[in-house]
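Welcome! Take a moment to look over the sequence and the 3D view, and then we will walk through a few helices and charged pairs together.

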Amino acid sequence: MNINLSLQSEVPAYEQIKMQIKAQILAGDLPPNAPLVSMRQLARDLRVSVITTTRAYGDLEAEGLIYTLQGRGSFVKGDAEAVRRQYLKAVDESLQAAVEKGRAAGVDLSGLQRRLEEIYHEECH
């Protein structure tokens with residue numbers, strides 16, 4: 001598991017951790033039932049508090065991407081592909097709404113594409 005934190009980012013550390021683990025799960029880099037680094041070890045590795053890693057893991061568990069077994073650790077859920085399909089469905093719905101609003105505002109396809117690229121690149125930084 002590879003996590004890179006940016007201390008200059010406006011995105012809180014727990015959110016950066018969560019987003020990076022989520023991306024690795026949804027990309028298949030972390031397979032079903034793979035053990036995750038313990039919250040304490042991850043906190044030490046990243047030089048953040050255990051509260052930060054606990055929040056990230058808790059959010060991932062709430063989203064259905066990981067599960068925790070008392071005394072054994074946290075693991076990738078076996079149905080990550082189902083979660084990925086849910087995300088893709090939500091993306092499709094959001095894009096459909098954006099197209100409808102863009103048309104209502106007189107924005108053509110190339111304008112929508114430019115705006116999507118701008119938003120995408122803003123989120124990556």
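Is Glu63 buried or partly exposed? With a relative accessible area of 26%, Glu63 is partly exposed; here buried means under 20% relative accessible area, exposed over 50%, and partly exposed in between (1.4 Å probe, protein chains only).

Before going further, please note that this is a predicted model, in which local features need pLDDT of at least 70, side-chain atom pairs count only at pLDDT 80 or more, and totals for chains, interfaces and linings use all residues. Residues are numbered from 1 along each chain as its sequence is written, and side-chain values use heavy atoms, with hydrogens and water left out.

**Helix H1**

Let us begin with helix H1, residues 13-26. Helices (H or I, at least four residues) and strands (E, at least two) are DSSP runs, numbered from the N terminus. The expected span of a helix is 1.5 Å times one less than its number of residues. Among the buried residues of H1 are Tyr14, Ile17, Ile21 and Leu26. Just after H1, Gly28 takes a positive phi of about 85°.

**Salt bridges**

A search of the whole structure finds six salt bridges, each being a side-chain nitrogen of Lys or Arg within 4 Å of a carboxyl oxygen of Asp or Glu.

Lys22 counts as buried because its relative accessible area is 16%. Lys18 is buried too, with a relative accessible area of 9%.

Arg115 and Glu118 are three residues apart in helix H5 (residues 109-124), so about one helical turn separates them. An α-helix has 3.6 residues a turn, so residues three or four places apart point the same way. Arg115 is partly exposed at 41% relative accessibility, and Glu118 is partly exposed at 42%. Elsewhere, salt bridges that share partners join Glu15, Lys18, Lys22, Arg55, Asp59 and Glu63 into one network.
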